[in-house]
Amino acid sequence: MKHFDYIIAGGGCSGLSLAVRLLPYLKASNKRVLLVDKVYKKGNDKTWCFWEEHPDIFEPVVCKKWNRLSFSSSFIHQQLDISPYQYKMIRSKDFYDYTDEILIGNDHVIILKGIVENLYTENQRAYAIIDGETYSADYIFSSIPQVQTKKRACYQYLIQHFLGWVIETENPIFHPECATLMDFNTSQEVGTSFVYVLPLTSKLALVEYTVFSEQELAAEGYTGALKQYIAEQLHCNNYIIKEQEYGVIPMSDHPVESIKGRIIYLGTAGGFTKGSTGYTFRFIQKHTAAIVQQLNKFGTVNISSVFPKRFRTYDATLLHLLASRRLTGEEIFSTMFQNNNPIKILKFLDNETSLIEELQIFKTLNKKEFTLALLNRTLKALI
Ligand SMILES: Cc1cc2nc3c(=O)[nH]c(=O)nc-3n(C[C@H](O)[C@H](O)[C@H](O)COP(=O)(O)OP(=O)(O)OC[C@H]3O[C@@H](n4cnc5c(N)ncnc54)[C@H](O)[C@@H]3O)c2cc1C
């Protein structure tokens, strides 16, 4: 049986982030990691957006940054100055090329293309069965989706599904210095839905139609909404579609075990996708940085989360409220942005606010509906 100090199962966003962060530690301790994925990641399968105050290790591949965001709905239209944060975009193609450059050919990283068939842990060791062969390691870090066998009525299982087009317009219609975070000027019949617009130049932008609901739409549902938004809100009829991005992200409060013995789950598989927004990239970065910090300090890993547990309750409450349809997502987010400093909201959505800041935000929301959603969720969990 082949043994490695560590195995990274899944070489997507979180697996590659961990591998890059781990490299100095591997060199210093003369250890080796096996990085395995069923595909060799190339090309632009995702565009990651997130906000941060200080540049992190993937700053070299940030392709665009914005200091201003806009938020629009049928209730409000606001331009938000978000400094000291910047809203950033990374294209996965650049991310994969960059991580390849760092990892390929490095003596401490062995890259393998293979299907991980099973992971288990026994006697302080972790094991992976890859294409029928068993490998052992001190720890396995896995971002391979954990199969949820049983859905429970007390949890919500919404999905965030979206179609985005990178469009090039004939005329300069975009303001490259300001990105649209959410524009709810879309039909809200299929669920909470909005469009975000990420302008790269005055004639080039990623326009993405997003829905929070139980089920995906038929293809025409997304394309129709995008065409309508571009014509009616952007007042544009002459454009070409240069690229397309489709995705589904889970939005759930179903608890996820992020540590099972010597197996540490990363990314979406580890529960690092924020239930109420789908944002994951920054949580992956915080988690993988914390893992490497612990390895450096103690040689062991024991991190189940990178934020206080109460944020899971907030996400669950919001999900239950959305699912109940007693308030629409448009109403909830509009109230939040209308009555609070945007920086505080971004900090809150990053799970980094203090309890006092959270109470200040809650005071501005519809207390009755949020309390009912919280009670409803708590009662269901008790039954
Ligand atoms: C289209 C899209 C856009 C997104 N945009 C954003 C965004 O703007 N901001 C944000 O914060 N989040 C975003 N997300 C959410 C999240 O950041 C991404 O899904 C991110 O890629 C999650 O990283 P991960 O490592 O958990 O999963 P992945 O990046 O999907 O990596 C998992 C890896 O495991 C491999 N794998 C799976 N099964 C096996 C197996 N049996 N054997 C071997 N390998 C296997 C897969 O090939 C894959 O490479 C987006 C998601 C999608 C789908």
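Predicted model: local features only at pLDDT ≥ 70, side-chain atom pairs only at ≥ 80, totals over all residues.
**Ligand contacts and aromatic rings**

Trainee: Where does the ligand have an oxygen atom 2.5 Å from an N or O atom of a side chain?

Mentor: Let's sort backbone from side chain. With Thr-280, a ligand oxygen is 2.6 Å from a polar backbone atom. The 2.5 Å distance from a ligand oxygen instead involves a side chain, that of Asp-37.

Trainee: How much of the ligand's accessible area does the protein cover?

Mentor: Start from the ligand on its own, which has 970 Å² of accessible area. The share of this area that the protein covers is 88%.

Trainee: Which element gives the most residues to the shell around the ligand?

Mentor: Four elements, α1 (13–29), β3, β16 (239–252) and α4 (281–298), each supply at least two residues of the shell. The residues of the shell divide into 13 nonpolar, 12 polar and 5 charged. The top contribution is 4 residues, and it comes from β16.

Trainee: Now the rings! Are the planes of Phe-58 and Tyr-98 stacked or edge-to-face?

Mentor: The structure holds 30 aromatic pairs, so let's take this one step by step. The ring centres of Phe-58 and Tyr-98 are 6.3 Å apart, and their planes meet at 75°. Planes over 60 degrees apart fall in one class, so this pair is edge-to-face.

Trainee: How far apart in sequence are the parts that this pair of Phe-58 and Tyr-98 ties together?

Mentor: Phe-58 is in the loop between β3 (47–52) and β4 (62–66), whereas Tyr-98 is in helix α2 (residues 92–103). The pair therefore ties together parts whose separation in sequence is 40 residues.

Trainee: Is Phe-58 buried or exposed?

Mentor: Its relative accessibility is 4%. The cut-off to compare with is under 20%, so Phe-58 counts as buried.

Trainee: What about Phe-184 and Phe-333: how many residues apart in sequence are the parts they tie together?

Mentor: Their rings are stacked, 6.5 Å centre to centre with 20° between the planes. Phe-184 lies in the loop between β13 (178–183) and β14 (192–201), and Phe-333 in helix α6 (residues 329–339). Both Phe-184 and Phe-333 are buried. The parts tied together are therefore separated in sequence by 149 residues.

Notes
Residues numbered from 1 in each chain as written. Heavy atoms only, no water. Phe/Tyr/Trp six-rings, centres within 6.5 Å; stacked < 30°, edge-to-face > 60°. Buried < 20%, exposed > 50% of the residue type's maximum accessible area, 1.4 Å probe, protein only. Polar contact = N/O pair within 3.5 Å; in protein donor to acceptor, adjacent residues only side chain to side chain. Areas by Shrake-Rupley, 256 points an atom, 1.4 Å probe, with all protein chains shown as cover. Nonpolar A, V, L, I, M, F, W, Y, C, P; charged D, E, K, R; others polar.
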